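Hi,

Here is the structure I promised to pass on. Have a look at it first, and then read my notes below.

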There are 2 protein chains.
Amino acid sequence: MMLTAADRFASALDLAGVGTGALLLTSHEDVRWTCGFTGSNGWLVLRHGRATLLTDGRYIEQAAKETNSCVDVLECRTARSMVDTLVAIVPDGPVAVQESHLTVSTWRSISAVVGERLTCAGPGLSDLRRTKSSGEIDAIRRAARIADDALATCLRLLRPGTSERDFRDALEARMRELGADGPSYDTIVAGGPQNSALPHHRPTSRRFESGDTVVVDVGALVDGYHSDMTRTFFVGSPEADVVEWYRVLQSAQALAVALVAPGRAVKDIDAACRDVLSAAGLEKWFTHGLGHGVGLLIHENPFVNATSEAVLRPGDVVTIEPGLYRGGFAGMRIEDLILVTDDSHEILTSSPKDPKCPR
Amino acid sequence: MMLTAADRFASALDLAGVGTGALLLTSHEDVRWTCGFTGSNGWLVLRHGRATLLTDGRYIEQAAKETNSCVDVLECRTARSMVDTLVAIVPDGPVAVQESHLTVSTWRSISAVVGERLTCAGPGLSDLRRTKSSGEIDAIRRAARIADDALATCLRLLRPGTSERDFRDALEARMRELGADGPSYDTIVAGGPQNSALPHHRPTSRRFESGDTVVVDVGALVDGYHSDMTRTFFVGSPEADVVEWYRVLQSAQALAVALVAPGRAVKDIDAACRDVLSAAGLEKWFTHGLGHGVGLLIHENPFVNATSEAVLRPGDVVTIEPGLYRGGFAGMRIEDLILVTDDSHEILTSSPKDPKCPR
């Protein structure tokens, strides 16, 4: 699916349900997706047939290069000037904004000028970037491949004496060598009975010891798109109970992955995964959602958990990442990145799931 | 200055001007500064003598480790549950929020329950983290030193044939080796007449050529604190006009740095710097603010520009970073990180400003 700039403008206006009014996009990722601008400060104002980007002096030249010629670029030196310029180019009718991104203070600044015309875009807009195009899938696929390859070359460091930071540094350096713009998020390397039990642990100088589980959660960034993968390894031989937990977790993750398909409610996948853990008495150690969408943001729609009403559809890219965390005992997580296809799914991460480290 | 947890709670409540009401902190950095929690999802609720942290299951164990025993930690599985829990623990009186951080949708969720009791914290709260303690200054100093040392070891790569990405990768790897948790922001390496003229250029595979100016904007991250520095180099010999621009820019930057002192209005420093550039007819090529505060955020109060009413005070850490950008000709920027002391200032960045590259 190739989308033109006009397609993207129309899609945003349609999903927002603003009719003949104006739509203000303030989410960086939505601005980028819609008009191509990648700077950190930009407001995109859409009206039927017109698009205007407001940004500051640092980005004027960049904006002109990155956006289609049908986007007008206007320089605004201050936050106040952004509001004034917005108001000047939307002379009448409703002005819809992104209530999940706009701050209360900016809302108030705009409201002070346009009053009752200020409104919230419809909830459909939160799915603006959800269905990935072939170009987006290519970037995510490349990012996933880079993380796979980097992890493969770093496996030899998974031995007693290597520190979490050393391992993180080696992984990230290798991803750069392989063409990544950087890590997709703060790489997690968490070893041993305490650190591995913290789902979002940050790497420390602690060195791996025999008997550790080591959780490695790593992704690459390619052209703004993220990958996301977690593997858990055993350094030496952990206790038998840890090995048993891993076996159960792997079954639960595999089942959840198998259920990824268009038309499937995400809450059903979450429930099926938890059922496997429950049967082994382990469900209480799984303390987070099952997964999330991945694209220009590392966490985006559709979220995969028990409270989401989302139903999967072709073009969704989601993670499936159950984990078990018991401080003082062990922590573990297995995560794949999955593309929903027209009739099933494709797993974009391909690192093996054998937890034993190479000798 | 050593601040206890109680001091920080009191400071936040005082700056917010909430009296006997409750204050909800939602900015990650403000939550971290106030109670020590470093996770990505946490709301801190302060009332006189009480502090409660709301976070999700991923962070319960981490929160208990990171926060003082006087902080109650409550688990909230969903965004809805965050709001419900907040409302449950602030049974009466006003509830003040951070209007510059809270989104409109979260405001509406809270407002739907507490109604007119919902209010905005006073503007003084935006200076909560502004005055750095000795511990914070130590972290920033270490971060600045790491960037200085990394740049020094990478200077030999500033020669024709090295790509922007190669140079970025070498710099960032060296900062890690020197103990940084990572780069402080996306490192900028911008070479040649086009790329160097983009203030926020991202490194590409373009290789340096003789005659280039190369802008290197780099900082390190240490214990959550950032450093920030820019230097501009000449690869080979640029045109005489470029050398002249650099001389003017260096004078303007040095003057601005010299003016950094307690009691000085930041707009006066900005004006003095622009006056030097104007005298040489170059002011129009300086298209951004002069600087910004640095701490747990790379850009924070006090901002140093023509529209800010801020007056410097001891404990402020700010950048002074004028630049000149003319696409097709050259771009250049010189940036130091400066601590405002009791009677003057201390420059925390110490890399030389000689633009000539070593042979």
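Let me start with F286(A). Leaving out residues up to four places away in sequence, F286(A) touches R274(A), L277(A), P322(A), G323(A) and L324(A). Keep in mind throughout that this is a predicted model.

Where does F286(A) sit? Its place is in the loop between α10 (266–279) and β13 (291–293) of chain A. Is F286(A) buried or exposed? There are 22 other C-beta atoms within 10 Å of F286(A), and the cut-off for buried is 20 or more, so F286(A) is buried. As for V257(A), it is 29 residues away from F286(A) in sequence, and the two C-alpha atoms are 17 Å apart in space.

On to the helices. Two packed helices are described by the angle between their axes and the distance between the axes. Helix α10(A) packs with helix α9 (residues 240–258) of chain A at an angle of about 160°, and their axes are 9 Å apart. Angles over 145 degrees count as roughly antiparallel, and that is therefore how α9(A) and α10(A) run relative to each other. Their crossing is right-handed. From α9(A), the contact takes V248(A), S251(A), A252(A), L255(A) and A256(A), while α10(A) brings I269(A), A272(A), C273(A), V276(A) and L277(A). By class, those residues are nine nonpolar, one polar and no charged.

Helix α1 (residues 5–16) and helix α2 (residues 28–35) of chain A have axes 8 Å apart and an angle of about 140°. α1(A) and α2(A) are therefore oblique to each other. In this pair, A5(A), R8(A), F9(A) and A12(A) of α1(A) meet W33(A), T34(A) and C35(A) of α2(A). That contact has five nonpolar residues, one polar and one charged.

How do the chains meet? 28 residues of chain B are in contact with 28 residues of chain A. On the chain B side, α3 (60–66), α5 (104–114) and α7 (164–177) each supply at least two residues. That side of chain B has nine nonpolar, 13 polar and six charged residues.

Next, the core. In soluble globular proteins, nonpolar side chains tend to be buried together. The largest nonpolar core here has 202 residues, and the members that touch the most others are L23(A), A143(A), L23(B) and A143(B). If you set aside neighbours within four places in sequence, the contacts of A143(B) include A180(B), S184(B), G219(B), A220(B) and L221(B). Also in contact with A143(B) are V222(B), Y225(B), H226(B) and S227(B).

Finally, some backbone details. Most residues other than glycine have a negative phi, and most peptide bonds are trans. In chain A, though, a cis peptide bond joins N301(A) and P302(A), with omega about -5°. P302(A) lies in strand β14 (residues 300–304) of chain A. In chain B, the bond from N301(B) to P302(B) is cis, with omega near -5°.

D223(A) is not a glycine, yet has a positive phi of about 55°. You can find D223(A) in the loop between β10 (220–222) and β11 (225–226) of chain A. With 14 C-beta neighbours inside 10 Å, D223(A) counts as partly exposed. In chain B, D223(B) has a positive phi of about 55° and is not a glycine either.

Cheers

How values were computed. Residues are numbered from 1 along each chain as its sequence is written. Chains are lettered from A and ligands numbered from 1 in the order in which they are written. This is a predicted model: local features need pLDDT of at least 70, side-chain atom pairs count only at pLDDT 80 or more; totals for chains, interfaces and linings use all residues. Axes are lines fitted to C-alpha atoms, for helices over the stretch in contact, and angles run from 0 to 180 degrees between N-to-C directions. Helices (H or I, at least four residues) and strands (E, at least two) are DSSP runs, numbered from the N terminus. Angles under 35 degrees count as roughly parallel, over 145 as roughly antiparallel, 65 to 115 as roughly perpendicular and the rest as oblique. Two residues are in contact if their C-beta atoms, placed from the backbone, lie within 7 Å. Ala, Val, Leu, Ile, Met, Phe, Trp, Tyr, Cys and Pro count as nonpolar, Asp, Glu, Lys and Arg as charged, and the others, Gly among them, as polar. A residue is buried if 20 or more other C-beta atoms lie within 10 Å of its own, exposed if 12 or fewer, and partly exposed in between; C-beta atoms are placed from the backbone. A crossing is left-handed if the near helix is turned anticlockwise from the far one by less than a right angle, and right-handed if clockwise. A nonpolar core is a set of buried Ala, Val, Leu, Ile, Met, Phe, Trp, Tyr and Cys residues joined through C-beta atoms within 7 Å.
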